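Hi,

Here's the structure I promised to pass on.

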Amino acid sequence: KELISRSYLREIKHSVYKRIIPYFVEAEIGNIGTRQIQEFFDDLKVDPENTKKLEKISPKRIKNIMAILKKLFQFAHDNEEISKIPKFPDIKVPEPKMRWLNQEEQINILNEIPEIHRPIFLFIMRKGVRPSEGRAIHWQDIDLKFKTVTICSSWDLKVLKEHTKNKKIGIIPLNEEVFEMLQNLSKIRQSIKKEDFVFTNK
């Protein structure tokens, strides 16, 4: 049974091999205490211009790295490799500042996208689905008669999953703009099969 997504697994591997192992490479896990954990945490927050790090790490990414490190200590503790887990700092991630694009800005951006790629962006913009879900829509998920689309699968990196991120199936209505776009696509494409993807670059 798959417990985590491939994208998150990639993040775990990157954190372990690029951040955690290089920092603690000479340390025995049983000798790593609260002070060393705090120093590692502080090092992640330092301005990259004053360190050898190649990138600035966002607060959310720092929290994820520390959570992965704590999981490693939890695993070692559960397997009786260490007697106790060091104390980890309480990390609070500030709410990101977001600016919503107004209708005119959205249309201007959409018009800058090459016409061959525009349909999927229009669909995602109007229907509010995740890009990984929009890319996974097949013609069998489209009901042009009742003007609905069923969101039931998604991409996880390069792997197609037969479920969405939240494991729920959603049936959403198509407005006239999206309905007409899908109608046009169905007419332009030749010999469409129900298992074909709706949005392709050909």
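This is a predicted model: local features need pLDDT of at least 70, side-chain atom pairs count only at pLDDT 80 or more; totals for chains, interfaces and linings use all residues.

On the H1 side of the contact with H3 you'll find Tyr8, Glu11, Ile12, His14, Ser15, Val16, Arg19, Ile20 and Phe24. Their partners in H3 are Arg61, Asn64, Ile65, Ile68, Leu69 and Leu72.

As for how the two helices sit, H1 covers residues 6–24 and H3 covers residues 59–78. Their axes are 10 Å apart and the packing angle is about 75°. Angles of 65 to 115 degrees count as roughly perpendicular, so that's the label for H1 and H3.

Next, the backbone. Most residues other than glycine have a negative phi, so I picked out two that go the other way.

- Glutamate 80: phi is positive, near 60°, and this isn't a glycine. You'll find glutamate 80 in the loop between H3 and helix H4 (103–112). With a relative accessible area of 73%, glutamate 80 is exposed, because the cut-off for that is over 50%.
- Lysine 147: here phi is near 55°, again a positive value in a non-glycine residue. Lysine 147 belongs to the loop that runs between strand S1 (142–143) and strand S2 (148–151). Its relative accessible area is 29%, so lysine 147 comes out as partly exposed.

Over to you!

Cheers

Methods: Residues are numbered from 1 along each chain as its sequence is written. Side-chain values use heavy atoms; hydrogens and water are left out. Axes are lines fitted to C-alpha atoms, for helices over the stretch in contact, and angles run from 0 to 180 degrees between N-to-C directions. Helices (H or I, at least four residues) and strands (E, at least two) are DSSP runs, numbered from the N terminus. Angles under 35 degrees count as roughly parallel, over 145 as roughly antiparallel, 65 to 115 as roughly perpendicular and the rest as oblique. Contact means heavy atoms within 4.5 Å. Buried means under 20% relative accessible area, exposed over 50%, partly exposed in between (1.4 Å probe, protein chains only).
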